[in-house]
Amino acid sequence: MSFINESVKNKDCMDRKLFIEAITKYMLGLVIVGVLLFVPAQSFKYYNAWLFIGLLFIPMFVAGVVLMIKNPELLRKRLNSKEEQSDQKIVVLLSGLMFIGGFIVAGLNYRFNWTKLSNIVVIISSIIFLMSYVLYGEVLKENTYLSRTIEVQENQKVVDTGMYGIIRHPMYAVTVLLFLSIPLILGSIISFIIFLIYPIIIVKRIENEEMVLEKKLNGYKQYREKVKYKMIPFIW
């Protein structure tokens, strides 16, 4: 009985730590995005920024609560962003610089009125963003081994069902749609040009990831032969 009580206490402690970590990173992300957008804009009347923040952080909060309740281990994996491989550290750095540059330019674009996008473009981009969010959730549901770093986990198996039966990297395909819609929601075509670096970054990441998976994950080589396309069906 004491062993069971001790196990329950340890689990509660781990869940509490996970909750604190998740909330801390969530609030930090919210503050950073707000600073990167509103400081360059020099105005809180940058309504496109408020729209983007709502579209990003409200579903993120809901998804975080669901994972905390139903799959805390997956949430833990998603919070881990420390890459071990040097090539991927460069990818993460470039992605970070892309976001910082794109957000700052979007704020400056609003402040100095460099370019304008029609409301219909913003609305369509918002719909694409939300649809991508839903697809992202479906990918997480299909593949519980997903983490933010390139790694092969203990007892990991190849997932070849659902979207993984069509393309090998549905998560990256979805994030390309997700991220390329962001600057359009923010109303900046200049930021969109900056964000076009992301597909290039993803190609580099996939090359490295596939080498790791083929080397360390049993059955991945056969999976590559079965599912021919990486991100775009019938193209690549």
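The structure holds 16 aromatic pairs. Rings of Phe, Tyr and Trp (its six-membered ring) pair if their centres lie within 6.5 Å; planes under 30 degrees apart count as stacked, over 60 as edge-to-face and the rest as tilted. Tyr220 and Tyr223 form a tilted pair, 5.6 Å centre to centre with 55° between the planes.

This is a predicted model: local features need pLDDT of at least 70, side-chain atom pairs count only at pLDDT 80 or more, and totals for chains, interfaces and linings use all residues. Residues are numbered from 1 along each chain as its sequence is written, and side-chain values use heavy atoms, with hydrogens and water left out.

Both tyrosines, Tyr220 and Tyr223, sit in helix 9 (residues 220-226), three residues apart, about one turn of the helix. Helices (H or I, at least four residues) are DSSP runs, numbered from the N terminus. Tyr220 is buried, at 4% relative accessible area. Tyr223 is buried too, at 5%. Buried means under 20% relative accessible area, exposed over 50%, and partly exposed in between (1.4 Å probe, protein chains only).

One aromatic cluster is formed by Phe52, Phe99, Phe103, Phe129, Tyr133, Phe179, Phe195 and Tyr198.

Now the surface. Phe19, Ile20, Ile23, Met27, Ile58, Phe61, Val62, Val65, Val66 and Ile69 form a nonpolar patch with about 920 Å² of accessible area together. Helix 1 (2-41) and helix 2 (47-70) are the elements that give two or more residues to the patch. Helix 2 gives the largest share, six residues. Patch residues have over 30% relative accessible area and no salt bridge, and nonpolar side chains are joined within 5 Å. A salt bridge is a side-chain nitrogen of Lys or Arg within 4 Å of a carboxyl oxygen of Asp or Glu. Accessible areas come from the Shrake-Rupley method with a 1.4 Å probe. Ile69 lies in helix 2. Ile69 counts as exposed because its relative accessible area is 67%.

Notes. Patch = residues over 30% accessible without salt bridge, like charges linked within 9 Å, V, L, I, M, F, W, Y side chains within 5 Å.
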